[in-house]
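Reader: Could you take a close look at one part of this model for me, and then work outward from there? I'd like the cut-offs behind the terms as you go.

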Amino acid sequence: MKNPDRISVKFLGAAGTVTGSKYLVKAFGKTILIDCGLFQGIKKLRELNWAKFPVDPGTIDLVVLTHGHLDHVGYLPRLVKAGYENEIWGVGPTLQVAKIILEDSGKIQEEAANAANEKGFSKHHPALPLYDLEDVAKTVPFFTEKLLDQWHEISPEIKVRFRYNSHIIGATFIELQIGEKMLVFSGDIGRDDDLLLFPPQKPERADYVFIESTYGDRLHPKNAEENLAKLINKAAKRQGTIIIPSFAVERTQILMYLFRQLREKNAIPHLPIYMDSPMGANVLSVFAQNTDWHKLTSAQAVEMLKDIKILEKYQDSMKMVQDRNPKIVIAGSGMATGGRVLQYLKHYLSDNRATILMVGYQAEGTRGRQLLEGAPDIKIEGQYYLVKAHIEQINGLSAHADQHGLLNWLSELKEKPRKTFIVHGEPTAADAFRTKLETEKGYYVRIPELYEEVYL
């Protein structure tokens with residue numbers, strides 16, 4: 001750039017969609033990537049993960065992470081494989097979660113490629129993983145832990161601060177001070193009433209805001225626990241298995257917490273409960289190591305585990321898949337895009353006594369969204385499975401702020417931002433939130449397109 005103090009931001013992901021968060025910031029001779037997420041959902045988006053990265057990874061000076069979810073960190077091994085070799089900054093719990101999630105992702109992709117080659121359902125010969133466990137092992141050494149609420153210097157003109165943001169353990173929003181200008185990247189904003197985490201902090205100053213809009217067009221219902229109990233009781237009367245595809249970070253822990261509460265009240269039957277997610281078990285250790293980040297006491301964490309059996313070995317998982325006795329199984333992944341839940345779906349989708357209970361956001365093009373939209377059959381590993389099971393959804397357990405929460409997150413800004421960019425949302429949600437910001441707050445708002453570059 002001709003003017004060294006001129007700031008540019010290029011939207012390499014989560015623009016016009018809810019996945020693949022990546023924002024490339026250039027200023028004062030530095031190139032900084034905010035988040036490095038994987039695209040998920042429809043094939044058109046997933047194919048972007050395989051495309052050549054729009055920027056030479058070797059020219060990026062630093063990657064800064066808001067939190068550890070796959071759609072914010074899942075592209076990191078691919079970036080490193082393509083030539084990135086500088087530090088990756090995040091707070092401690094974020095880096096711990098990111099390591100767990102990347103290792104799980106690498107393993108799932110290896111297994112998917114192997115299955116495709118063995119069964120011949122891929123048009124690629126041979127089918128290859130996007131990255132594997134070896135690529136993940138080469139990525140983790142670049143992780144560099146940074147403290148919360150402290151300014152960290154990137155260069156004399158640029159500094160960054162991580163602020164607590166609820167959502168999942170370790171989640172932060174990022175304040176990027178560039179010269180005299182303050183850029184705020186929301187990451188994923190959590191809820192003021194989260195069962196396990198503290199309310200998110202709020203920015204006090206921002207010249208430019210880049211804010212998520214996952215639930216920008218709706219409000220969360222307040223009776224999620226009551227609805228969960230009703231659905232579990234209804235499903236239990238059918239004497240079938242209840243399968244809950246669940247995100248391993250926070251959502252699984254919330255479900256464990258709620259099931260414990262409901263059992264203590266005798267609000268649900270005493271069905272055996274299994275957590276079939278090694279990643280979910282590993283995330284519990286992150287909670288144990290970072291007690292300042294959440295509300296749970298050690299005693300509560302122990303109580304949560306009392307009635308829930310964790311399946312860690314694949315052999316135990318396959319035995320449980322074959323077991324037709326009524327039970328509740330929490331298994332990853334949350335949108336049914338991969339992981340052990342696929343084995344359960346293959347066995348239970350055609351069982352009219354079974355219930356598939358969706359408890360989180362289902363991105364466009366995922367199996368979870370297809371089930372909610374009433375698909376008559378679902379394709380898994382090259383084969384179609386008829387859907388006869390009961391498909392249910394619980395709203396209100398999401399770790400994302402709803403429209404009111406997003407507006408409230410902006411409430412402590414002392415002055416209006418010069419410009420607000422709405423990201424990380426499907427078009428309907430993003431546009432509804434744009435209207436709200438313009439009419440209620442008088443903000444100047446843009447919804448950027450993928451690969452668009454703006455100058456600030």
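Author: Let's start with the second largest pocket: by class, its lining has seven nonpolar, two polar and five charged residues. Here Ala, Val, Leu, Ile, Met, Phe, Trp, Tyr, Cys and Pro count as nonpolar, Asp, Glu, Lys and Arg as charged, and the others, Gly among them, as polar. Keep in mind that this is a predicted model, where local features need pLDDT of at least 70 and side-chain atom pairs count only at pLDDT 80 or more, while totals for chains, interfaces and linings use all residues. Residues are numbered from 1 along each chain as its sequence is written, and side-chain values use heavy atoms, with hydrogens and water left out.

The pocket has a volume of about 240 Å³. Of the 14 residues lining it, Arg191, Asp193, Leu195, Ala224 and Gly396 are the closest to its centre. Points are joined across faces, edges and corners, and the volume is the space filled by probe spheres set on them.

Two helices, H6 (224–236) and H7, each supply at least two residues of that lining. Helices (H or I, at least four residues) and strands (E, at least two) are DSSP runs, numbered from the N terminus. H7 covers residues 251–264, and Arg260 sits in it. Arg260 is buried at a relative accessible area of 16%, where buried means under 20%, exposed over 50% and partly exposed in between (1.4 Å probe, protein chains only). Leaving aside neighbours within four places in sequence, Arg260 is in contact with Glu303, Lys306 and Asp307, contact meaning heavy atoms within 4.5 Å.

Lys265 forms a salt bridge with Glu225, their closest N and O atoms being 2.9 Å apart. Since Lys265 lies in the loop between H7 and strand E13 (273–276) and Glu225 in H6, the pair ties together parts 40 residues apart in sequence. Lys265 is exposed, at 54%, whereas Glu225 is partly exposed, at 27%. A salt bridge here is a side-chain nitrogen of Lys or Arg within 4 Å of a carboxyl oxygen of Asp or Glu. Side chains of opposite charge can pair when their charged atoms come close.

A search of the whole structure finds 26 salt bridges. Among them is Arg369 with Glu426, whose closest N and O atoms are 2.8 Å apart. Arg369 is in helix H12 (residues 367–372) and Glu426 in the loop between strand E20 (419–423) and helix H14 (427–441), so this pair ties together parts 57 residues apart in sequence. Arg369 is buried at 18%, and Glu426 is buried at 16%. Salt bridges that share partners also join Asp149, Arg161, Arg163, Glu175 and Glu204 into one network.

Now the sheet. Seven strands form an open sheet in the order E7-E8-E9-E10-E11-E20-E21, with mixed pairing. E7 (151–155) and E21 (445–446) are at the edges with a single partner strand each, so one side of each is left without a neighbour in the sheet. Two strands pair if DSSP finds at least two bridges between them. Strands E8 (residues 158–164) and E9 (residues 172–178) run antiparallel and are joined by seven bridges; one of the bridge pairs is Lys159 with Gln177 in E9.

Lastly, some backbone details to check. Most residues other than glycine have a negative phi, and most peptide bonds are trans. Gly332 and Ser333 are joined by a cis peptide bond, with omega about 15°, and Ser333 lies in the loop between E15 and H11. Ala336 is in the loop between E15 and H11; its phi is positive, near 60°, and Ala336 is buried at 0% relative accessibility. Asp35 has a positive phi near 65°. That residue, Asp35, lies in the loop between strand E3 (30–34) and helix H1 (43–46) and is buried at 1%.

Notes. 1 Å grid on protein atoms, 1.4 Å probe; cavity = no way out; pocket = protein on both sides within 12 Å on 5 of 7 lines; lining within 4 Å.
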